[in-house]
Amino acid sequence: MAAHPGSASDAAGTFLGHPRGLFILFFAEMWERFSYYGMRALLIFYLTKHFLFGDTQAYLLYGAYTSLVYITPVIGGYLADRYLGARRAVLAGGVFIAFGHFLIAVAEGPSGQSPLHLNGFYLALASIIVGTGFLKANISVLVGELYPRDDARRDPAFSIFYMGINLGGAIGPVICGVLGETVGWGWGFGAAGVGMLLGLVVFVIYRPWLQGAGEPPSPAAIARRTSSGLSVEWAIYVGGAIGILGIWILIRYAELLGYMLLAFSALTVIYILYRAIWTLNRVDRDRILAALFLLALNPLFWGLFEQTGSSLNIFTDRRVDRVMLGVDVPASVFQSVNSVFIILLAPMFAVLWTWLDKRRLEPSAPAKFGIGMILCGAGFLVLVAGAAAAGSNLTPVIFVFLVYLFHTMAELCFSPVGLSAMTRLSVPSMVGLIMGTWFLAMAAGNFIAGLIARATDSADAGVDQVLAVYTQIGWFAVAVGVGVMALAPFITRLMHLDLIGKEAEEQRNMRIEGEKA
């Protein structure tokens with residue numbers, strides 16, 4: 001496939017029809033996700049088996065951690081938009097994340113809730129949270145900057161990028177999970193830190209392939225000295241380190257997180273609405289409103305999907321027959337199943353969307369979201385049916401694979417499509433903020449996931465309580481998906497997709513004129 005006229009790939013060359021920079025981001029994000037998913041696969045078991053937390057307390061802390069991981073990208077997106085640029089933000093984030101993983105390994109102590117080791121663990125989680133704030137939203141912004149807004153390769157590019165995410169997500173739980181559950185917890189978390197370092201090496205060595213994408217909006221501004229004597233850039237990094245202490249305190253009082261998350265989300269949405277209504281023209285305002293509709297679905301979807309690392313992880317450990325080919329497979333390893341399905345199915349979905357686009361049959365982004373909600377609900381209902389058929393026996397492992405298959409197809413209709421839509425619908429001055437808000441909505445979803453997981457914990461009802469909750473949320477997701485598909489034509493009109501090509505052409509012409517001048 002030829003490069004799109006005026007795209008970064010004209011100068012950098014292409015690989016498989018895409019700018020080479022896409023594959024640098026692919027590998028960097030792959031190793032970052034190796035570290036994140038490897039650590040996440042162990043987290044609920046580390047809390048219950050090492051620190052000896054009860055299920056309800058562990059679900060609460062797990063939900064608090066995964067929520068904060070998706071809140072901080074709002075701040076990181078803003079700092080990149082205003083000062084650092086996406087590339088420097090990604091690099092700084094990787095350093096904080098690697099430090100956090102290694103600190104968990106070092107802080108491991110004897111079994112039980114030793115205050116010293118528990119607070120060291122909380123401090124390590126805080127470092128990972130801050131690092132993810134710098135990295136997560138901005139590496140997706142870099143992908144978007146490689147393509148013009150009207151480039152038909154954008155959705156396939158994000159699907160390829162998403163496949164890289166899940167390649168790391170497939171390998172991480174296997175290596176970190178096996179090491180953590182069979183050799184020692186510190187070995188598993190330490191392996192996650194090594195993965196993040198590998199991601200940083202790839203990103204630094206091959207950053208010229210990004211062809212200037214993600215540079216600071218004003219290099220002179222970030223070099224300016226502050227009253228502290230530090231440059232603006234280094235003042236931001238030091239501020240991030242201080243922020244670790246604030247998040248460390250917040251993690252220790254996880255019950256307050258829901259209220260703070262609600263307030264922070266409301267303020268962010270109000271600010272975006274203010275910018276949209278008072279500073280943008282009608283077309284851009286409509287697009288921001290369409291983006292906010294998609295953002296509103298994010299907490300619903302991820303609240304259901306993210307049972308993966310908490311209640312579904314515990315269900316797999318306690319209620320599933322995990323013996324395969326004579327081997328009792330550790331439950332944490334099953335966290336890689338979703339990522340393996342992504343690797344297998346993402347290329348098929350990328351080809352499918354392109355094939356449908358050429359025939360003018362591709363579903364709109366809102367319609368894909370509706371399909372994703374329906375598939376997510378269907379996954380829970382399939383698992384419930386399998387567990388009910390098993391009766392008092394352990395649930396056959398095939399049903400765990402089936403729930404991950406349905407949820408993977410749902411994710412491919414939701415996450416890469418949403419990432420692409422956020423970069424396409426937002427204006428240049430707000431792209432980092434909008435992308436950060438996408439992850440903020442995911443944070444709300446992760447907190448909701450923690451509440452749902454807590455609802456499954458009942459000493460009296462046992463597995464029946466889990467299946468009852470899964471039945472309720474399964475049918476709820478199906479109903480929401482049907483409603484979203486009914487609204488999809490109206491939301492699609494707000495996106496003004498017919499004007500994007502013309503606007504992109506005007507921007508290219510203005511850039512060419514500026515270069516000539």
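Modeller: Quick ground rule: helices are DSSP runs of H or I with at least four residues, strands are runs of E with at least two, and both are numbered from the N terminus. You're looking at a predicted model, where local features need pLDDT of at least 70, side-chain atom pairs count only at pLDDT 80 or more, and totals for chains, interfaces and linings use all residues. Residues are numbered from 1 along each chain as its sequence is written, and side-chain values use heavy atoms, leaving out hydrogens and water.

Colleague: Where do I find I175, in which helix?

Modeller: I175 has 36% relative accessibility, so it counts as partly exposed. That term sits between buried (under 20% relative accessible area) and exposed (over 50%), using a 1.4 Å probe and protein chains only. The helix holding I175 spans residues 154–183 and is α6.

Colleague: And S415, buried or exposed?

Modeller: S415 sits in helix α15, residues 398–425. Leaving aside residues up to four places away in sequence, S415 touches Y162, W302 and W438, where contact means heavy atoms within 4.5 Å. Since its relative accessibility is 4%, S415 counts as buried.

Colleague: On which residue is the kink in α15 centred?

Modeller: α15 has 28 residues, 21 of them buried. From first C-alpha to last, α15 reaches 40 Å, close to the 40 Å expected, which is 1.5 Å times one less than the number of residues. The bend is the angle between axes fitted to the seven residues ending at a residue and the seven starting there. In α15 there is a kink of about 35 degrees, centred on E411.

Colleague: How far apart are the closest N and O atoms of K49 and E181, what is the value?

Modeller: With 39% relative accessibility, K49 counts as partly exposed, and so does E181, at 25%. A salt bridge needs a Lys or Arg side-chain nitrogen within 4 Å of an Asp or Glu carboxyl oxygen. K49 and E181 form one, with those atoms apart by 3.7 Å.

Colleague: K49 also pairs with D317. Which helix does D317 lie in?

Modeller: D317 counts as buried because its relative accessibility is 19%. The side chains of D317 and K49 meet in a salt bridge, 3.8 Å from N to O. K49 is in helix α2, so the pair ties together parts 268 residues apart in sequence, and the helix of D317 (residues 311–319) is α12.

Colleague: How many salt bridges are there by this rule?

Modeller: Another of them joins R287 and D284, 3.6 Å from N to O. R287 is buried, with a relative accessible area of 0%. By this rule, the count of salt bridges comes to twelve.
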